[in-house]
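Welcome! Take a look at the model before you start.

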Amino acid sequence: MEEIKSKFEGNWECIKKESVENFLEAMGVNLIKRKAAAQFNPKLSISVGGGCVKVVRKMPIKEITNEFKLDDEIDVKDDDHKYKAKLTYSDGKMTLCLRAVDGKSKDNTIVREIEGGDLVQTATCNGVTAKTTFKKC
């Protein structure tokens, strides 16, 4: 947990997005929500404490908070999508595997790593990948 804390803890703002709309389409998100999401530059806040990693995603219209214990599966809800989520850490990467449990969502994976001082988030669903880069603020 100390390595995660030293590498990832802090507030991060989006500085670059690639293929976000394509990824959201693969996830089954409707056109209006995809277009809106493409316009927003999300912020992340990551904190580590009490054996947990807390991730807060902030967007102009909503804020989503999830708290994970490494290698433990938890229930996660994002809008109307429900998942079983498990956060793992190895080789300097935090990997969040989201398994759909509601019959309408899609399984996806989010990998976060530090490259050149920036946090790079790679999200994959059905072979479609989006990459978002964040700078510490």
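**Exercise 1.** Is Tyr83 buried or exposed?

*Solution.* This is a predicted model, in which local features need pLDDT of at least 70, side-chain atom pairs count only at pLDDT 80 or more, and totals for chains, interfaces and linings use all residues. Residues are numbered from 1 along each chain as its sequence is written, and side-chain values use heavy atoms, leaving out hydrogens and water.
- Start with the location: Tyr83 is found in strand 6. Strands here are DSSP runs of E with at least two residues, numbered from the N terminus.
- Now the accessibility: Tyr83 has a relative value of 5% and therefore counts as buried (buried is under 20% relative accessible area, exposed over 50%, partly exposed in between, with a 1.4 Å probe and protein chains only).
- Then the surroundings: beyond four places in sequence, Tyr83 touches residues including Met27, Ile74 and Leu98, where contact means heavy atoms within 4.5 Å.

**Exercise 2.** Find how strand 5 is joined to strand 6.

*Solution.* 
- Strand 5 (residues 73-78) and strand 6 (residues 81-90) run antiparallel, joined by six bridges; pairing needs at least two DSSP bridges.
- Within this pair, Ile74 stands opposite Ala85.
- The two strands form a hairpin with two residues between them, and Asp79 in the turn has a positive phi of about 55 degrees.

**Exercise 3.** Where is Ser45 placed, and is Ser45 buried or exposed?

*Solution.* 
- Ser45 belongs to strand 2 (residues 43-49).
- With a relative accessible area of 18%, Ser45 is buried.
- Beyond four places in sequence, the contacts of Ser45 include Gly10, Val55 and Lys58.

Notes
Helices (H or I, at least four residues) and strands (E, at least two) are DSSP runs, numbered from the N terminus.
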